[in-house]
Structures are given as structure tokens and as C-alpha cells.
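This report goes through selected parts of one structure, section by section. Please keep the sequence and the model open while reading.

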Amino acid sequence: MKISEHIPKKTSVPDWENSLTLLSGTLQSPVGLLEYRNNVIRWWFRSTQTNTENTKSADSLLEAAGRTALSLNPDANNSIWFPVKHLNGTMQCVTHELGRTESRRLLLILIFKENTNPDKLQQLLISQTKRIIEEDLALASDTSDEESAEFGSFATSHDMHRMLFENSPVGIFYFNRQLTISKVNARFCSILGVQANEAEGFNLKSAMDRRILPAVHAALEGREGMFEGVYMSTLSGKQVSLLLKTAPIYNRNHEISGGIGIIQDFSEAIITRRALEESEMRLRTLINSTPDFICFKDGEGRWVEANHTLVDLFDLKGVDYQGMDYAQLIELMPSKREVLTFCHETDNMAWKKGRPIRIEEHIPQPKGGVRVFDVIKVPLFNKDGSRKGLVVLGRDITARKQAEMEIKEKEMRFQLVAMHTNDVIYEWNGIDKEFVWHGNLKAIIGNMDGPPDIRSLLALIHSDDRKRLLQAWQPANGEARFWKEEFRVVLPDGAVKHLMGRGILENSESTHLKAYGTVTDITKEKQLVVNLRDALDKAEINHNKIKSLLNMIPDLIFVFDKEGYFRDFHVVNENQLLHPSADFMNRKVEEVLTPKLAKLTRDKIASVLTTRRIETYNYVLGNEDEERVFEARMVYFKEDETICIVRDVTRAKRIETELVKAKERAEESDRLKSAFLANMSHEIRTPMNGVMGFAELLKDESLSATNRKLYLDIIVKSGHQLLEIINDVLEISKIETGQVSIVRANNLVSDVVSSIADTFGVAAAEKQIRLRASVNCEKGFVLECDTQKLTRVLNKLISNAIKFTKAGGNVEVGCECLANEILFFVKDDGIGIAKEHHAMIFDRFSQISDPRLKNSGGTGLGLPICKSWVELMGGRIWVVSSPGEGSCFFFTVPL
């Protein structure tokens, strides 16, 4: 491809004019290019892309600025700064003189709002635009007026404009009136994750995210447009936190021919810069034409090349400095020892960090005074990581520093007022030592007057906060100090208000101590923080859990072309693949997948390539013994390729099934609790009826002593039965809430067993049941456990054995000492329990539905309570039983 094919024709808009249009749109201010030749003023460019009221106003503003600039002399940087009066107030003008001969001056004029300075991006555009104009127009400086009119025809200008466009730190694109993108730069493609050949020719009307269209239309209507937010690229599907600014582009007839857009990815912490390789002649021309100093050093820190600005700054004209390091330069210039040593230290800092650094350097001047430079040092490395060189760029910011010092006090006041117009503002000075309050102070402290001095203010402040506030209110020697503290004030009615204080303390030799600041009522916010603290903690915990879970999800990624071939893949562990990668790469899906899945995959590829929309679908792999479910998302990648993201969701499907089962179990639990409550009401009503009924009978005075005693015995028995039911309910409630504890004591095993047998001897005899005890442990064996719970477990088991054993039957209670535990048992030859009920009888609120138990009574809590007590003591409980063959309950207690 020939370079001449890219040189603009003379009938097209020249590069310097495109650059000025871009600069005006970025600055959002009037921009002009003026030539003064042979006492005649000629305007080569005047932009009206400004916030002024109309074009006529902008033209008059540039005319006034141009006449003023021609009457002034530029500074050392070939710049002129001066104010310009305007209908809406005073504007600030900066003029850069780009070339001057005896018969000709060329001025670049920029208009800003008062107290506004260009940012880094704007400074870069200004600098590059100046160079483009200098190279375009300087070539015509010694020609006739007719020849100088052909400014845009030089290849160098085109190259400089292209360099600015291609290497801009922001994304740039051009579009025509039909909203078709005609050109994009590399940064535009990087931000949106697209290829240039995809973006160029794309019509913005087809964008899926149409929120950008108002900004694009604004440029075609002659206005600047802007969009800010999370934007999804139609071509790549990439989501970007995007800032878009647009501006119109005018042709020679000042008609809108299209627009320019600038995009920034403001989520990026560091803007990647690409180094440009240039010839030695271009580099020398470039560095010597800038008012900034530029220096190139090799990997050992030796000076390789410096521009004229740096040579003049260090008075090195005529000195063979090339190849010298900092030590040799110190011998050459002893007066610069401190500056050169600091330069050497910061050189090493840049190499050590491995990235560009930014510092300030103060360089003394031979005639006195110090110049301050804003210096950027960019380290360069070889592929093996060794030092290759260092690029040093410095800009004189002495005037800016002086201006910053002069307006510092005004800026601090204005910032406070602008940020806190709804707060109470205070002023205090060290002369009269009194406060001046501005704002609705009564809304904070009620109807009382504002405290006139510090003593009165401290009287209102909570005693716990006074010391901290006094420490914050301590001026720094000769410097302004910012402070910020929360504190409380106690009002006369006892109410406490939480306040936020911010301020500036000034203490200089030329002025008395001064203070400015604001006071904000944050009582409601503090209360809100208290109320939301727990919720925020829980939300953070949940967020971290979800984040960790997402980071651990193993997804498989495949790339397919439009013919259904596997072109690429990514997987964390290749064991997740159905086939080794060698078996499916560059093969059709029909050769690898099952026929059904292959057809589904081909259909999704065709759909996505046609609609450019995401297709989500599920499929199942495996056999009946082990089926695995997968979720796939087919996404448009480029014109003939798609990306498929596959996730194994088998576990999720299983969890879904388990949730259904859990719901069923919960419903069953509710049913059991309802049945338990119904049974409990019956069990309580039965003994209560006995108590109430026989108590009524006792009112009969003619009742015999024998019947009276009988009735009293029934009442007592019913009361004990009722008490046992209540105790069981209370105990199960304690177990549910974790209020049961273990109290250990030493017990003779033989005494525990024999005591239990003696307790139930009378009850067994009444039913004609033989009850015996057996202990298979050494005599005098001592067990450390909770005596009360052990006894109550045995009581409940023996009570149940007697209840379900017929007259003439047998019940045995005993124990056996094992290696690490004691095994207790209660055996009977009663009705027995079916095997399918062995686990259920230990569940809370569960009872066996058996006709043989119809009149047995009971709440169904005894065995669940026994199980909880045994487990609290560290043991386990189970039953061995069959219907009609009796039951044997076992439980263990660890030694």
C-alpha cells in the first residue's frame, strides 16, 4: 500500500483544520488560528463550538483576543496569557506563537472560562495540534500568499495527524450524517473489544444499547453530546463503563458533514501507552521543537540525547555531554550537584518500580531563583528484563505554581461554599476571637443564639468529645491545616445532636490565625447507620459468599466456526472434557457429539450468527445410572465464529430435587406437630377430668371415709399423671432451645440399677410382672455421669416396658461394662415393635399407629427425650424388637 494513497487531496479538509476542530470539540471553547503578514490580519480558522450564546458573540470574542495578542510579547514558552472581557463576564485567553519572522506571525488562540486550566488530555491535544500546524504552515512561511493557502497538502502533516489519531490515549471515531462509522483508532477497538474492520462501516442505528444515540444526534445538530454509563458493545458483547463525548465536524462551507466521538474507559486504573519507534531525525526535530525539556538515557543512566531546552537549562551548549553519567556531569557542573543527585535517585526509582513515575524537580538558575518542572520518567526494558533506557520529559510549571499560591485562599473558601451550601458555615479569626455563623444554625441548636466564641462552643460540646475536638483545632506552623471530626452537642433541653465539623486553620507569619469551615447535622444519618449496621454486615457476608461461589464455578468455553468446527477451547481441568482435546479440535460437532446434541449445537450456531443474540439451552449427557445436566450459552464472537460457555448444573438440579423433598418433610413435620397437639390435648384432658370429677364428689359430706380415701387416691394419681405430661413438654422445650446442660457426678453402677428396680417393684407386682436387675461390672465400679438424666432415662424405659407387658410377663433392667463405655438395657416380653418403626419412635411428635396401642395413652415424647439426654451425655440409644416377641432398649454412656 502506497503512502501517497493516504495523503489528503487538496480539495479535502487539511489535517491542521481537522486537528483544530477536534481540539475545539474537546475543549468546548472557541479556538482560532490567526496569521499577521505585512500588517494584514487573516483568520485561517475560527471555531464556534462553545457555550457562548451565538456564533457572532464567539467571533467577536476571538477578534478581541487576536488584536490584544498582537500587541503583546510572548514569554519564554512562546505563550501569552491575558483576560478578555465578554458579555457574560471575563474569559481567559492563552495564545501560542507558532512561528515568527520579520513579516509574518502565526498565533493559535484558545479561550477558557476564568480560573480554568486544561487537563492532561487537553494539554496533549494542544501540544500535538501545535506541532501539526507548525509542520504544515511553517513549510509555507517563506512562500507567497497563494502558495501558503494550500496548507493541508503535506505528508508530514498527515503523518502527525495520523500519529495523534492512532496513538491517542482515548478512543476516537468519525461518523457521517447517516450515522455510519467511517474511521476508528486502536484505543477505540481496545476499549470496546472489537476489530477495526468490524467497527468501520457499522451503522450506529443498529446498536443494541440505544442510549448513545441522543449524544450522536446532538453532534449532527451542531451541539456537543455526552453519554456516561455502563454500555454493552453490540459487536463484542463487552460491557464497559463508558464516557462518550461527541462534537460536529464542519466542511469548508461551515456545514455539518459528520461528527467525531471520543470515548474513555474510566474503570481502567492505568491507561496503557504504546511506544512509537521513530527515526533519529524525526526524534531530534520533535524534541528540539518543544518548549518542554526531553532527555534520553541508556540503561546505565548515561545521557544519550537532550533537546535544546534542557541544554540551555543546564548551560551545556558546546559541551560534549553525550555518554556522561551523573557523576561525570557533577564534575563538569559542581553547582548542579544537588539537582543531578536527585535526578539520579529518581531515575533508579523509575527503573525499580518498572513503570512511569511523575515527580517535581527544582532547578536553580545561574542568575538566581529556582524553576519548577513537572517531570515524567519512563523506563524502558529489554525482553529479558534488563534496563534498556530511560525517557525523561519535563514541563516548566513555575508560573503555574506561583499562580496556585496566589489563589489558594480564594479556592479554599470557594470550595467550602460550593460543597456545603446547605450546611452552616462559620468564620473565626484571631483578632476578635469571635465566630461569625452563616446559615440556619437554629435548625441544629434550636432557638438559642449561636455560640459567640470558643468557650461558649465548648460548653455545648459533649464532655467526651471536647478533648478530641481541641486536638483537631490545632494550627500548623506556617501552613494551612484541614480538619474533620464528628462530635456531639448537648442542648439545654437535654437533647443530643450528632454533628460533623470540617474546616481549615490558617496560621502564617503575615496573618493572624484564621479558621473557616462548616457544621452539618448528621443525627439522622447516625441513627440510620445504627439501624442498618446489622443489615449491612449480613449483606456483606452474603456478598462475599456469592462472590466466592462465583469464583469457584468451573465453566467450559468452546469456539465454533459457522461450519460447526471446534476452533478453540478453554477449561480449568481437562478431566472435565468428554474427550481429549486432540479428539475434537478442528473437527465437526457431528464427529464428536451425539447426533441430537450435534444438531442442537448447529442450530444455535446458525441462530446466533444470524441474530447476534445470546442463545441459552440445556442438554443431558451420560446414561441412566449417571446423567449429567449442562447449561450452555451461545454468544456471537465475530462474523463467522461463536463462543459457547458450558456449565455443569447437575448439582443444581439435584439440589432442586432435594429442596422439593425438604419441603415435603417440612409439611410432614407440620402434620406431625398438629397430630401431637391434638393428642396432647386429649392426654391432658383425661387426668384433668379425673381431678375435677372426683374433687366434685368430695363435696358430698355423706361420703364414707373409704370412698373419700379412694377418691383422693384417684385425684393424686391423676395429678401425678398430669405433672408427668407437663414435665415432658417442658423438657422437650428445653431440649429444642438448647437450655439443657450436663451435671456430672460419681455413681456406683450397682446402686443405680438396684435403686431403679426397687422403685418400680410395687408397680410391677401390681401387674403381676416379674422385674429383676442384673449388673455385669466389677464390684464397686464408679461411673461419672449426670445421675439425674441417667435415672430418668431408665425410669422412662422401665415404665414403658411395664406398660406394654401383659400380666405374668418379665421385665429386666441391667448393664454391662465395656472397654470405653457402659451398656445399659431394659428388656421385656411385651407386644414388640415392627422394624420399620424403630427409628420413628425416637422422633419428636411421632407415635405409632397400632390398634394394640389404642388405650395405652402417652404423649409420644418419652423416647425422644431419652434419645436427647443420652446424646447429651455422649452416648447413643437403639432398640431391638419384633412384633409379639418383646423389646430390648439399649443405650451407652461413655467412661
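Leaving aside its neighbours within four places in sequence, which residues is Thr246 in contact with?

## Thr246 and its surroundings

The model is a predicted one. In it, Thr246 is in contact with Ala215, Val216, Ala219, Arg223, Glu224, Gly225, Ile260 and Gly261, once neighbours within four places in sequence are left out. Thr246 belongs to strand β9, which covers residues 239–250.

The relative accessibility of Thr246 is 3%, under the 20% limit for a buried residue, so Thr246 counts as buried.

## A five-stranded sheet

An open sheet of 5 strands runs in the order β17-β16-β20-β19-β18, and its pairing is antiparallel. Strands β17 (435–438) and β18 are the edge strands, each pairing on one side only. From one strand to the next, the twist averages 20 degrees. Helix α16, residues 463–472, packs on this sheet and touches β18 and β19. The direction of α16 makes about 165 degrees with that of β18.

The individual pairings can be followed across the sheet. Strand β16 (residues 424–429) pairs with β20 in the antiparallel sense over 6 bridges, and here Asn429 stands opposite Lys514 in β20. Strand β20 (residues 514–521) pairs in turn with β19, again antiparallel, over 8 bridges. Within that pairing, Leu499 has Asp521 of β20 as its bridge partner. Strand β18 (residues 481–490) is joined to β19 by 10 bridges, and these two strands run antiparallel. Phe482 has Ile504 in β19 as its bridge partner.

How many of the 11 residues of strand β19 are buried? The count is 8, so β19 (residues 496–506) is largely enclosed by the rest of the structure. In a regular strand, side chains alternate between the two faces of the sheet.

Strands β18 and β19 form a hairpin, with 5 residues between them. Gly494 sits in the turn and has a positive phi of about 90 degrees.

Leu179 is not a glycine, yet has a positive phi of about 70 degrees. Leu179 is placed in the loop between β6 (171–176) and β7 (181–184). With a relative accessible area of 1%, Leu179 is buried.

Arg612 is likewise not a glycine and has a positive phi of about 60 degrees. The loop that holds Arg612 lies between α20 (595–611) and β23 (615–622). Is Arg612 buried or partly exposed? Arg612 has a relative accessible area of 35% and is partly exposed.

## The disulfide and other cysteines

The model has 1 disulfide. A disulfide is a covalent bond between the sulfur atoms of two cysteines. The pair is Cys777 and Cys817, with sulfur atoms 1.8 Å apart. The link of Cys777 and Cys817 is right-handed, with 105 degrees about the S-S bond. Cys777 lies in the loop between β27 (770–776) and β28 (782–785), while Cys817 lies in strand β29 (residues 810–817), so the pair ties together parts that are 40 residues apart in sequence.

Cys777 counts as buried, at 17% relative accessibility. Cys817 is partly exposed, with a relative accessible area of 24%. Cys93 is buried, with a relative accessible area of 0%, and Cys866 also counts as buried, at 0% relative accessibility.

## Nonpolar cores

The largest nonpolar core has 42 residues. Those touching the most other members are Leu783, Leu790, Leu794, Phe824, Phe889, Phe891 and Val893. Helix α25 (residues 787–803) gives the most to this core, contributing 7 residues. Apart from this core lies another, of 28 residues, including Val194, Phe202, Leu204 and Tyr231.

Which residues does Phe889 touch, not counting those up to four places away in sequence? Phe889 touches Leu797, Phe824, Phe825, Val826, Ile833, Ile841, Phe842, Leu863, Trp878 and Val879.

Methods: Residues numbered from 1 in each chain as written. Predicted model: local features only at pLDDT ≥ 70, side-chain atom pairs only at ≥ 80, totals over all residues. Heavy atoms only, no water. Core = buried A, V, L, I, M, F, W, Y, C linked by side-chain atoms within 4.5 Å. Buried < 20%, exposed > 50% of the residue type's maximum accessible area, 1.4 Å probe, protein only. Helix = DSSP H or I, 4+ residues; strand = E, 2+ residues; numbered from the N terminus. Contact = heavy atoms within 4.5 Å. Pairing = 2+ DSSP bridges. Disulfide = S-S within 2.5 Å. Axes fitted to C-alpha atoms, helices over the stretch in contact; angles between N-to-C directions.
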